[in-house]
Amino acid sequence: MTDLDVEKSITLKNIKVVAKELDLNEDDLDLYGKYKAKLNDSILEKPDHNGDVVLVTAITPTKAGEGKTTVSIGLAQALKKLNKNVCLVLREPSLGPVMGLKGGATGGGYSQVHPMVDINFHFTGDMHALTTANNLISAVIDNEIYFGSELNLDPERIVFRRCLDVNDRTLRNVKVGMGPKTNGVERDDEFRITVASELMAVLCLSKDLADLENRLNNILIGYNKNGKEVYLKSLGITGALLITLKDALKPNLVQTTEGVPAIIHGGPFANIAHGCNSIRATRFAKHLADIVVTEAGFGADLGMEKFLDIKARITGFDPKCIVLIATIRALKMHGGVELEKLNEENIDAMIEGCKNLERHINTIKTFNKKFVVAINRFYTDTDNEIKALEEYLSNRGYKFALTEIYSKGGNGGIKLAEEVLSLLNNDDKLKYLYETSDTLKDKIIKIATKAYGARSVIFSDTALSKLEYYQNNGFGDRLVCMAKTQNSVTDNAKLLNAPTDFDITVRDITLSNGAGFIVAYTGKIITMPGLPAVPQAKKMGLDKDGLPYGVM
């Protein structure tokens, strides 16, 4: 049975009924049909539950992922079965990977969010609004250059980039303004996928409309011909951007397969962006529920680090515990098994791959957080492998739970839910990897050594020059967003498991001033993904009854 078949087999609740589980009424909602709604700020006038945050992360994943979204959904459903007042908070899928490699990003089996086709595609239009707003900025920038405005922009030093929520490798490097003079001033440019744009980060980190306006105004768009910074405020279009983004700023309410309320909002990637759903989505959920289950992208070295060092620092969110997902197939991959042989039993390789698990556990401990390991069972896992992994975890005193939430929904996550509940009464305070008073260079070094286990950091001349400039020109207090491969704890995607004595190389630095951080680029990071040889888009369509197929 496909994920789409599961959705067709259940009866979705009207979104008004889902909202009532959070004590919301119709005045708190902007309805988008029967099964989707935007949440209004009136919610914050209701009694504050100040819910406990449970953050779901994972070990270094295989290319197919280890089911982080699915486990998050299943955990929320299991907590609901234990009669807990719970709300799930997730990121919005990016249409690029949905059409490209993934085919969908709304969980799987009996642990999904619905309506899954809507969420995977246009949803409530947030991605479209962000893309439009972003490219309006680029259009006005080039218009200012064309008319030679008083901003005196240097065409060769424009740092704001166009974006598109489609994987298109041909747009990574482009020339704009080609042809007759009426087409504008010719210059080099590039496209980023929408989820890697600074505007996505700005939306996700904005507390309210006023904060959004301030962050928009502070976006660095480029430099003038005298070498001075030029910010978005000087374009005079902030009002138009706010109109474009005002609805996109509102979190979206949907439901899980078992009818648990789910807030989905914002979708930055964790390898090239900060990897967390919006501040407003998590804030609304904390306000409305006793327990908030949320996720961060990719492994603990990426999404979790950024959730804790960036999002939690900005908001004061302090997760009560971390759920660390491990799969037997990923452990075997880290233990040296080739991808095509991951379905074969190999306990020795699995135990060897546990070094990667230990690396992520050490990172969690560095943040001073309690954790439970969720063994996300796949149908290819053997009983012998599961027993060996459970013995490994038990012998080391780690809390763990075998989860079967894909095939069993909430019932398959009861043990995990019970382990999570046992950790919620701790008062351990979050310890950041760095302080804002540290130099930008030291912040990067601390992330690389503490979260990745690196020996040291090598900075290119370009990176050093930019770090010195930002440090000495009023940007030294900015946070750090590392752009690094998700396929390894190092900056080399081919180095699996838990390498030692390795260096992280930072080749470039950019300033996302509206978001409030610098981005440190390591390894071969691409901000506009490409399509695979056979993209999932080729397998999708509508049947004779007008119903979709091929969406996973």
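## Basis of the model

The model is predicted; local features require pLDDT of at least 70 and side-chain atom pairs pLDDT 80 or more, whereas totals for chains, interfaces and linings use all residues. Residues are numbered from 1 along each chain as its sequence is written, and side-chain values use heavy atoms, with hydrogens and water left out.

## Overall architecture

The chain contains 18 helices and 25 strands (DSSP runs numbered from the N terminus: H or I of at least four residues for helices, E of at least two for strands). Its radius of gyration is 23 Å, close to the 24 Å of the globule rule for 552 residues, so the chain is as compact as a globular protein of that length (C-alpha atoms; the rule is 2.2 Å times the number of residues to the power 0.38). The C-alpha trace spans about 70 × 55 × 50 Å along its principal axes.

Of the 552 residues, 59% are buried (under 20% relative accessible area, 1.4 Å probe, protein chains only).

Strand S4 (residues 86-90) pairs with S15 in the parallel sense over three bridges (pairing requires at least two DSSP bridges between two strands), and Leu90 stands opposite Ile264. Strand S14 (residues 252-256) pairs with S15 in the antiparallel sense over four bridges, with Gln255 opposite Pro261. S14 and S15 form a hairpin with four residues between them; in the turn, Gly259 has a positive phi of about 80°.

Key
Buried < 20%, exposed > 50% of the residue type's maximum accessible area, 1.4 Å probe, protein only.
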